[in-house]
Structure formats: C-alpha cells, structure tokens
Protein chains: 2
Amino acid sequence: MLITGKILVAQGGGPTAVINQTLAGIVLEARKFPQVTKIYGAVNGVEGIVKENFLDLTQETSYNLEQVALTPGSALKSTRVKPDQAFCRRIFEVLQAHDIRWFFYIGGNDSAATVQIVSAAAQEANYDLRAIHVPKTIDNDLVLNDHTPGYGSAARFVAHAFMGINQDTKSLPGVYLGIVMGRDAGFLTAASSMAQKYPDDGPHLIYLPEREFSLERFLADVKSVYERFGRCVVAVSEGIRDKSGTPIVAALQKKVEYDAHGNMTLSGTGALGDLLSAEVKDKLGIGRVRCDTFGYLQRSFFGCASDVDQHEAREAGERAVQIALLNDVSGSLTIRRNGSYSVDYQLVPLAEVAAKTKLMPDEFINAAGNHVTDAFKLYVRPLLGSGLQTAAQLRAPLVEKILNRE
Amino acid sequence: MLITGKILVAQGGGPTAVINQTLAGIVLEARKFPQVTKIYGAVNGVEGIVKENFLDLTQETSYNLEQVALTPGSALKSTRVKPDQAFCRRIFEVLQAHDIRWFFYIGGNDSAATVQIVSAAAQEANYDLRAIHVPKTIDNDLVLNDHTPGYGSAARFVAHAFMGINQDTKSLPGVYLGIVMGRDAGFLTAASSMAQKYPDDGPHLIYLPEREFSLERFLADVKSVYERFGRCVVAVSEGIRDKSGTPIVAALQKKVEYDAHGNMTLSGTGALGDLLSAEVKDKLGIGRVRCDTFGYLQRSFFGCASDVDQHEAREAGERAVQIALLNDVSGSLTIRRNGSYSVDYQLVPLAEVAAKTKLMPDEFINAAGNHVTDAFKLYVRPLLGSGLQTAAQLRAPLVEKILNRE
C-alpha cells in the first residue's frame, strides 16, 4: 500500500550561497508525487519543529521558489540546536500530529547527527518516517562526499578575493594575511590557490588546520617569500593549531565563545589576523602588513555563486526526494565524482556521515605543509564553476633609461 | 605648429576595480593621434618617473590591454609618495630627457596635488607639458565630481556583502557589524543601504564619518533595533570619530601607523570592529555578536565590477586624452551628472580638486545621523550598474498549530 502523508523540510547550521537551491529542488520535485499531501517547511530547523512553526510550501509559487533558490542564506532560517532525547520525543509528537512521513534536513555533519537521532527514535516509536540528510557545508568536511554543496561557491569567493589581493599587493607591496573559514578542514583556505596565474602570484603560503602551525616556521616562510618577491600573500585557516592541538586564536582571546554543539567560535573577530600581523611587523620589521578576516562574507556573498555548485545543490534536493519516495528508505545523500567532471548521488546510512569530519587528504598538501599540491588544484577547479575571472598583466617591454643608466 | 612628443601615464594611490579601464582608455585613445610618438607607462607612479622605470605601452596589444582593463588593481603599480620640490625637479629632468609632452596621472585628491606640483614646476621651467589628473577613488571624495570611477564597483561589493549578511542574520540571528572603508567620507559605507529590500532588512544602522560618533547613542540604537527585529545589522565606516574629531579606532590601538601623506592607517586590522563588538556584548548582554572588517576585499574583488563604473572609467581616460590633445590644456577631469542617468566630463583647474575632500552632503544623511536618506539611495543606484542581484524570501502562509495551540 502506498504511504501518503506530508513532507517536512528544514535547514540547519551555517547558511551557504546555494542551500536554497536544495530547498527548491526538494519542494519542486516533491510536487510531482501524488502521495505527498502537503509540503511543510520548518522555520529555524529542529527548533521550529517542536514549536510547530511551519510554512505551507505547497502554497509557494514556483517563480518565487526559483528566486529564493538564487538567494544566499537559509530561507527557512536555521538553528544550532542539537536535540537530546527529550527534544526528540517532542519532535515525534509533532510529526505524528501533522502526519509527516518524510523529513529532509539540509545541513552539515551536526545536522546529519540530528537526522540520525530523529530517525532512530522514529523506528523505536514504530512511527513510519523516512528521514534524509541532504549535504550542505562550505567547509567541505563531510565524509563519503567528494565535495558538498555550498563549498564551490564559497571557494569561488575565496579565489576571487585572493585574485584581487594579488593585484592589490602588486600595486602597493607588503605582507597580506587573509583569514579564511575552516575549523578542522582546510578545503576553503586551500581554494585560495586558484588565484595563482602568473609565476609570482600569491597566495605564496597557505596554512591549513591539517598541519601543525609553528609561529617560527611561519615567520621564516614569510621572510623568505618577501625577500624573493618584495611582497607576500598568505592564506590562513581560522582553525590553525599548535603542536598540542590548541587553536592559535584560543591562546589570544580572553573570552572564548562556544556554540550549542560545543564548537569554539572562530569567525566574527579579527583577533587571529591581528596577532599574526603584529608578529610579522615586530619580528620581521616589515612596515606594510595588512590583514583581512573574510568572516561571513565568504558564505553568503551575493553574485558570486558557482553555477556547478548551484546545479548540484538543486540536484541533491531532487535526488533526495526521488530516492526517499521511490525507494522508501532513510539515509544521508552523498555526492560522488564519477568523471572529469561529472557526479552522481548515492544514499548511505546516516551513521556513516553523522558527526564525522573529513579532512584534506595528504596528497592535497605539500611536503612543507605550507601550500597545496597540483592534485588539489585539479580537484577543486570544476567546483568553482564557469566564468571564473582571471587576472591579466601588462607585457610591454621596459624603456631604456637615459638619465639613470648604470 | 603641432607639438609632437611622448605621452606618460601613471597610477597613484589605492587601486580600484576599474582603474585599469582608465589606463586602457588613455592608451587606446592616444594611439589615434599622429603627434604622439610613443606612449609610456610609469611603474609605481611618480616613483617610477624619477627612476625612469617606464613600460613602452606602444608595444602592448589591444587584446591584452582589454584584458588588463577588466583586471582590478593598478596594472602599472602604484605609490603613496607625494613629491616635494626636489623630487619634482628630478621628474622634469626625466620628462625632458624622454621628450614627454603629455602626462596623465590617474588617482585621488593626493594624486591631483601631485599633478598640480608637476604642472606648476613645468610652467616655471618653461617646459611645454600638458598634465591631466584623471579621477579615481573608491572613497568618492573628490570635489566637483558627481562621483568618481572606482566608487560604483566598491559600492556594489558593499551592497552585495550586506545583502548576504541580511540573509545570514535572518538565518542565525544576532548583531552584525560590517566595517567599511572611508577615512573622511561615508559614501562607501552608505552604499550598504542598497541591501534593503524587505521592510525588516538591514543595515538597520549606518554610521558615517560625517557625524560625531557616540558610543552611548550607538549602544542605544543597537538595543532598540535588536528589541524590534531580534537582530541588528550595522554598517560602520572605519573613519568614525568622536566629538573631538579623533578616530574611534585611534583610542584603541597602541601603535598608530601613518602613510606618506600623513594619513592614519585604518584598514588591514580588525581593531575597530572587535572593540565595538565587545561593547555590544558587555553593555547589552547580547550573546551572538559578529563583526567583519571588509578591508581590501572591497576595492579589488574580482567579478563584482559595476558595468556603469567600468564604462565611465574607460570614458574618463578617453576624454582626458581628447581634451589634452585637441584643446591643448592641463587640468583635472571631472564627472558631472547631466541626466537620470547620464554623465559628461569637464576639465577644471587642478587647484580646484587637489588635496580637497568632498563629504556626504547633509541631504544624504538622516536627521538622527544613523542612516541615509532616500535622496542618497536615488543618487547611488545607477552607479552600481546593471544585474545587481536582490534577495527573495519565502511568502508561504504559516500552518495552523495542532499541539501548541494557544
């Protein structure tokens, strides 16, 4: 017998430039299935479920859904809440009361863990529910995924930012530090490497959370690049750690903040950049040292989405609905690369993705631990999408000197 | 008798997204004039002149010039050096030695002052030179100009950034502070207002250097917005000052840096944002307070140029050459608005632009001094160019609650 009932979709964790593509993919695809009586959207993720803050997305026009799909940020709003058992029980009472039979949660590894708890509790309560985690994170740190929706667009922002910084530091030389998001995984910081076109282009140095950060080695690296090129562009992951695994920024901040998942707040402050800048000024005696912390710009900037990322985020939503409704299963949707360049989508058990973190593999990091390899550049290029701008420089010959002849 | 000789072009001050459009406009237009024997580009502005570091741009392909035109940053590299009389004397020796008869300097009000010194010294030395200052600055602070090339693209970056921040803070509420460039003039910070589409959109507060900044009023403003919307997005100019005219950031930094023009270094550090964030956290007890200092991203980001800005920067270069060569005059090129929306270009005496700063007029700032007026929004809109993205939000109706009925 065909199960009929409602679909519930929600968004969790940090927003991205394309998370609403996935939302639109789910809603528009779900409209094709006659067994779906209504499509609800929970406002503020799992918080909205227990409060029954639902939007009736069955009454949303396709035109507006397409406009929302192009808008960065979580249209259903988000949450950092991680449900405990009591919270879960309330979730079921609500799901049952509204006859919700399919639950789609778009989010990162914390959201996958939430779906796992919800799904397990549904089985325990003998409640017939299909729960699907649909991937999303600019950090690109979900296991079993070649990459995740949201990463390509954030990576494009980082690449375009460092292209500009290259030109800026060629115009007015000095040392430039760009602090990029990434708590445990350096994928986003590594995308800065795509700004390199000409042989002297930066970022000349890239520091990732996957490698121990030593202030002494950092200063020696910057000195060496500065002496060679008269300038030095550095990409630094906000999550860099010392030998003991302590985040470099933690040593500096008087008050360290944590979110509901127990993660230390790293973004939204210029502390790490300002410390590293001060070290370069003081220890190396370089006058012009500038630092920008890219912060929230990189995950929700308008007009900088990767079209590949947009299409995949849309497909992920569509495929999640198709798999859940046609195959009648729960799980976590994953993206696999099956060509150069093409992808497909596979469902895996929630436990295999939930709360796990994928790091940059060794073959993507150079031996010195201060840059990426060509293998990484080959990996990341298609994710940035089409129409990526590149820099051009003058190639005119030098004029012979008349007064300053040597 | 027709003067023949060489053209010299240089770029001064901070780079922009379109300063190379002006360079391309000058070089390509100059090729049409038979009296121009060669076109040289000085590397690193006036520094390059005294060192005779010239590129022979006569030997640059038009295709590459068009590619360079699309590249942010100063392709001829820049300088912060302001020539004194001795420096000027060396400039003339070089100009004379190379038979340079037309000098185009693309830059802000400091660069206009440089052109004025060079031009005056040429007259004194009876050296036949036409010297033209061509406007450029993201600060939009040149007098007699409706606006300046570079501003529209930086304003577009700021608008797109705040659109994203709007969605980000709707997803995960809190207080967000975005620190925008602008030492004396608030035009760039004010452009954040173009992110407002829906009635509850931010930035809810905008603080400009043109109005005295009071920490008490700032905190009261933030509190009031936060209580109303559950979130608060604030645009803050890096140049905000207290009652005595002291930059707010100056009180906080142990070491204050100055550039060659005696300007205090405000960008390239997160200090101002971190101080204001701490105040909001401590005094208002709001937990989630985030701050980004946009820094150098806003003036050289790739893929975010305003097409109107690109076209005007190109036209400014073309018109500068036409006026200098056809009318045989020196001066500063200015942009005037003569329609809604169209512009034309007029030459004015260098002394009228040099070293003067245009501030936001009173009619662009609201009475409370914490936002802009509609007059400003009408002024700035055409400068941002075509294809500006806007946000869309869901309009689906709320579902009736079952378990949480009140």
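First, the conventions. Residues count from 1 along each chain as its sequence is written, with chains lettered from A and ligands numbered from 1 in the order in which they are written. Because the model is predicted, local features need pLDDT of at least 70 and side-chain atom pairs count only at pLDDT 80 or more, while totals for chains, interfaces and linings use all residues.

Let's start with the domains of chain A. Domain 1 covers 5–149 + 304–352, and domain 2 covers 154–303 + 361–384. Those bounds come from an automatic or database domain assignment. The C-alpha centres of the two domains of chain A are 32 Å apart. Where they touch, domain 1 of chain A gives 20 residues and domain 2 of chain A gives 22. Contact here means C-beta atoms, placed from the backbone, within 7 Å. On the domain 1 side, I count eight nonpolar, six polar and six charged residues. For the classes, Ala, Val, Leu, Ile, Met, Phe, Trp, Tyr, Cys and Pro are nonpolar, Asp, Glu, Lys and Arg are charged, and the others, Gly among them, are polar.

Now the chain interface. Here 69 residues of chain B are in contact with 69 residues of chain A. Which elements of chain B give two or more residues to that side? They are β2 (36–42), β3 (54–56), α3 (62–69), α4, α6 (151–171), α9, β9 and α10 (297–300). Helices (H or I, at least four residues) and strands (E, at least two) are DSSP runs, numbered from the N terminus. The largest share is nine residues, from α6(B). By class, the chain B side has 30 nonpolar, 26 polar and 13 charged residues.

Next, helix packing. Two packed helices are described by the angle between their axes and the distance between the axes. Axes are lines fitted to C-alpha atoms, for helices over the stretch in contact, and angles run from 0 to 180 degrees between N-to-C directions.

Take chain A. Helix α1 (residues 19–30) packs on helix α3 (residues 62–69) at about 155 degrees, axes 7 Å apart. So α1(A) is roughly antiparallel to α3(A). The cut-offs are under 35 degrees for roughly parallel, over 145 for roughly antiparallel, 65 to 115 for roughly perpendicular, and oblique for the rest. From α1(A) come A:Asn20, A:Gln21, A:Ala24, A:Val27 and A:Leu28, which meet A:Ser62, A:Leu65, A:Glu66, A:Val68 and A:Ala69 in α3(A). That contact has six nonpolar residues, three polar and one charged.

Over to chain B. Helices α4 (residues 85–97) and α5 (residues 109–124) have axes that come within 10 Å and cross at roughly 65 degrees. That makes α4(B) roughly perpendicular to α5(B). The residues in contact are B:Cys88, B:Ile91 and B:Phe92 from α4(B), and B:Ile117, B:Val118, B:Ala121 and B:Ala122 from α5(B). Seven are nonpolar, with no polar and no charged residues.

Is B:Ile132 buried or exposed? B:Ile132 is buried, with 26 other C-beta atoms within 10 Å. The cut-offs are 20 or more for buried, 12 or fewer for exposed, and partly exposed in between, counting other C-beta atoms, placed from the backbone, within 10 Å of the residue's own. B:Ile132 sits in strand β5 (residues 130–135). Beyond its neighbours within four places in sequence, B:Ile132 contacts B:Phe104, B:Ala320, B:Ala324, B:Ser330, B:Gly331 and B:Leu333.

B:Arg288 is in the loop between α9 (271–284) and β9 (289–293) of chain B. It is partly exposed, with 17 other C-beta atoms within 10 Å. B:Arg288 touches B:Pro173 and B:Gly174, leaving out residues up to four places away in sequence. B:Arg288 and B:Pro173 are 115 residues apart in sequence, yet 7.5 Å apart C-alpha to C-alpha.

Last, backbone geometry. In chain A, the A:Gly202 to A:Pro203 peptide bond is cis, omega near 0 degrees. A:Pro203 lies in the loop between α7 (187–190) and β7 (205–207). The A:Ser340 to A:Tyr341 bond is also cis, with omega near 20 degrees. A:Tyr341 falls in the loop between β10 (331–339) and β11 (342–348).

A:Ala355 is not a glycine, but has a positive phi of about 60 degrees. It is partly exposed, with 16 C-beta neighbours inside 10 Å. B:Ala355 also has a positive phi of about 60 degrees, and lies in the loop between β11 (342–348) and α12 (374–380) of chain B.

Definitions and conventions:
Two residues are in contact if their C-beta atoms, placed from the backbone, lie within 7 Å.
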